[in-house]
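Biologist: Could you take me through the labels that are used for this model, and set each one against its cut-offs?

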Amino acid sequence: QHTEETATGQLRSFRFRVDNPPISTMETVGAIRGEELALETHANGKVDTKTSKWDPDTRSPAWQDRDLQEHPLQPGETRSFEMYDPELNQVVTITVTENGNATTTLLDGTEIDARRIVMTHSAIPFLSLTSYMNVDGEVVKSESNILQVVTYTVDRETALREIDDQPVDLAVETLVQVKPIEQAHDRTRIVYRIKVSGGDAAAQFPNGPTQQSQRISDSEAEVTVTALAADAAPVADAETPEPRYLSATRFLDSNNPLVIRHSQSAAASDMAPAAAARAMEQYVHDTMRDRNFATGLATASEVADKLEGDCTEHAVLLAAMLRARKIPARVAVGLVYSQQHAAFAGHMWTEAWLDGRWTPLDATLGRGGIGAAHIKLADSALDEDAPTPIAAFLPMIHLLGEMEIEVVSAE
């Protein structure tokens, strides 16, 4: 991220690049022109341009640290300002509060007296970041309430040495352990009791055709997941989904020729939508050549070209192929049971609008739909106009490391 701003912090231009090896790089370039923000997005060989209204007083994402150094907060003082966040492509409200002095321990074991500054972010309301500032106004340590991440400010040599000595695998660190579920993905109905620290547990798990959430207490919910039978009767008088579930988007670029070609190869044109959708699920499962965790989140057209990636790549390619066939589609984010680890892990799959309901499909597993070993947290049309679709993942990020799951029954 590179930004240019005025002496008083107003954003003038920025360049934000996401390297997503081994597939691609996505770059967004923005410039302020009077009362407009002009954006160029470069992704997968395409350039998209757009303009939007701009408030000239909006601050740069680098303003917060400089402002705290140049104008330290007084004891107990709270300060808010509007900031443009390139990663979300939106203006957000940042609030910082001076929270008193504290003794804190640095990476090398040194203890210092520091001022605590607590920051909140309007677009991620559950995020709280506590920064520790030394006498020179420099942030030397930060603590995030999400996944309890602690960050230290050190020299490059120390940072690289620590990374080399202390490898971190977030996929393993955030597993939710449960008692083993035999043949979990063959189960047609599983009842879970889920405990979530801090908040309304039942509200975290949406209700739908395959999942029902019931409040037990503020911190506990009973979540029942039921597999949808392949021969389930159509839903009468169901409302048609919004047009955005058929539109081509930055990540679900269903108008890409290669995505269309895969869609046509997967299912004959005369197949009924439900049969075509399941054929596409199997096609993506069988066609992906390299299942790896090296890619963060690629566009459907990139996946259609490289045919590699993890659950996110399987999900976006299948969703885009469905849309290319004029079948409304979206992605779902949540947890899936891992037989290998006897635990639930973060996961993404696809939902298609079939027979008047959202029907789950999982091209990563390729089983013709899902059983009862998926727990859904959110869904998304992936139509947010941002370099990274963080909003789709926020419900899962918020809960990882904060859940306990008990299997009540499995049928």
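Predicted model: local features only at pLDDT ≥ 70, side-chain atom pairs only at ≥ 80, totals over all residues.

Modeller: Residues are numbered from 1 along each chain as its sequence is written, and side-chain values use heavy atoms, with hydrogens and water left out.

Biologist: Why are H4 and H7 called roughly perpendicular to each other?

Modeller: The axes of helix H4 (residues 257–266) and helix H7 (residues 311–324) come within 9 Å and cross at roughly 80°, where axes are lines fitted to C-alpha atoms, for helices over the stretch in contact, and angles run from 0 to 180 degrees between N-to-C directions. Angles under 35 degrees count as roughly parallel, over 145 as roughly antiparallel, 65 to 115 as roughly perpendicular and the rest as oblique, and H4 and H7 are therefore roughly perpendicular. The helices themselves (H or I, at least four residues) and the strands (E, at least two) are DSSP runs, numbered from the N terminus.

Biologist: Which residues make the contact, and how do they divide into nonpolar, polar and charged?

Modeller: With contact meaning heavy atoms within 4.5 Å, H4 contributes Val-259, Ile-260, His-262, Ser-263 and Ala-266, and H7 contributes Ala-320, Met-321 and Ala-324. Six of the residues are nonpolar, two are polar and none is charged, given that Ala, Val, Leu, Ile, Met, Phe, Trp, Tyr, Cys and Pro count as nonpolar, Asp, Glu, Lys and Arg as charged, and the others, Gly among them, as polar.

Biologist: How do you know that S9 and S10 pair?

Modeller: Two strands pair if DSSP finds at least two bridges between them, and five bridges join strand S9 (residues 124–133) to strand S10 (residues 139–144), which run antiparallel. Ser-131 stands opposite Ser-142 in S10, and the two strands form a hairpin with five residues between them, where Gly-137 in the turn has a positive phi of about 80°.

Biologist: What makes S14 and S22 the edge strands of their sheet?

Modeller: The open sheet of four strands has the order S14-S15-S13-S22, with antiparallel pairing, and strand S14 (211–215) and strand S22 (403–410) each pair on one side only. Within this sheet, seven bridges join strand S13 (residues 189–196) to strand S15 (residues 220–226), and Arg-189 stands opposite Thr-226 in S15.

Biologist: Why is the pair of Tyr-192 and Phe-344 called edge-to-face?

Modeller: Rings of Phe, Tyr and Trp (its six-membered ring) pair if their centres lie within 6.5 Å, and planes under 30 degrees apart count as stacked, over 60 as edge-to-face and the rest as tilted. The centres of Tyr-192 and Phe-344 are 5.5 Å apart and their planes stand at 85°, so the pair is edge-to-face. The pair links distant parts of the chain, with Tyr-192 in strand S13 and Phe-344 in strand S19 (residues 343–354), 152 residues apart. Trp-353 and Trp-358 also form an edge-to-face pair, with 5.4 Å centre to centre and 70° between the planes.

Biologist: What makes Leu-307 count as buried?

Modeller: Buried means under 20% relative accessible area, exposed over 50%, and partly exposed in between (1.4 Å probe, protein chains only); Leu-307 has a relative accessible area of 7%, and is therefore buried. Leu-307 also has a positive phi of about 55° although it is not a glycine. Ala-342, whose phi is near 50°, has a relative accessible area of 17% and is therefore buried.
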